Amino acid sequence: MRKTTIAVLVALSVVGAGGYATADRQHGRSGVAVRTATTITVDAAVKAAQAALDAAEKDGQRVTVAVVDRGGDVVVLLHGDGAGPQTEESARRKAFTSVSFNAPTSALASRVTGDGATLRDIPGTLFLAGGLPVVSDGAPVAGIGVGGAPSGDLDERYARAGLTAIGA
């Protein structure tokens, strides 16, 4: 029997199928300007994370999968059976990095070399392959990160399986 630990954080203003939205008007009740925000639903985040974990387990890999929202907050965290304790932080940071820069972490790795300050100095980031942004209408709305496979290429392949599962 497969056992998977699941952590899910849900926004307080839930509408529809497990997601959340903000007011779609120019000014709120107090006259404060607001804007519409698009975000990943909890249902989609769970589906993406489970698909990524399933792809890894099919290959015999023990990984952790994290899906974060646009602000970098964890929406779903799946710690697969036998995944090491370091995989949770790795997956979360890869997801955060990919949504922050709207790029795969593998593509960003080449931008963190050289002397002096670089992107690698930004707290919470990790420039190893395995993080992919979830994009809607050209803008990042979430990030998916996988940590624990023996190579970043495998982590990224499993993250891509998660994106494919939700049509991203």
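This is a predicted model: local features need pLDDT of at least 70, side-chain atom pairs count only at pLDDT 80 or more; totals for chains, interfaces and linings use all residues.
- F101 sits in helix 2, while F127 belongs to the loop between helix 3 and strand 6, so the pair ties together parts that are 26 residues apart in sequence.
- F101 has 26% relative accessibility, so it counts as partly exposed.
- F127, at 10% relative accessibility, counts as buried.

**The nonpolar cores**
- The largest nonpolar core holds 25 residues, and V63, V65, V67, V76, I144 and V146 touch the most other members.
- At least two residues of this core come from each of helix 1 (42–58), strands 4 (64–69), 5 (74–79), 6 (131–136) and 7 (139–147), and helix 4 (152–165).
- Helix 1 makes the largest contribution to this core, with 7 residues.
- Another core, of 5 residues, lies apart from that one and has A103, L108, V112 and F127 among its members.
- Skipping neighbours within four places in sequence, V146 contacts A52, V63, T64, V65, A91, K94, G130, D155, Y158 and A159.

**Helix 4**
- With 14 residues, helix 4 reaches 20 Å from first C-alpha to last, close to the 20 Å expected at 1.5 Å a residue.
- Its buried residues are L154, D155, E156, Y158, A159, G162 and L163.
- Those buried residues of helix 4 pack against helix 1, helix 2 (86–101), helix 3 (105–108), strand 6 and strand 7.
- After helix 4 comes G167, which has a positive phi near 75°.

How values were computed. Residues are numbered from 1 along each chain as its sequence is written. Side-chain values use heavy atoms; hydrogens and water are left out. A nonpolar core is a set of buried Ala, Val, Leu, Ile, Met, Phe, Trp, Tyr and Cys residues joined through side-chain atoms within 4.5 Å. Buried means under 20% relative accessible area, exposed over 50%, partly exposed in between (1.4 Å probe, protein chains only). Helices (H or I, at least four residues) and strands (E, at least two) are DSSP runs, numbered from the N terminus. Contact means heavy atoms within 4.5 Å. The expected span of a helix is 1.5 Å times one less than its number of residues.
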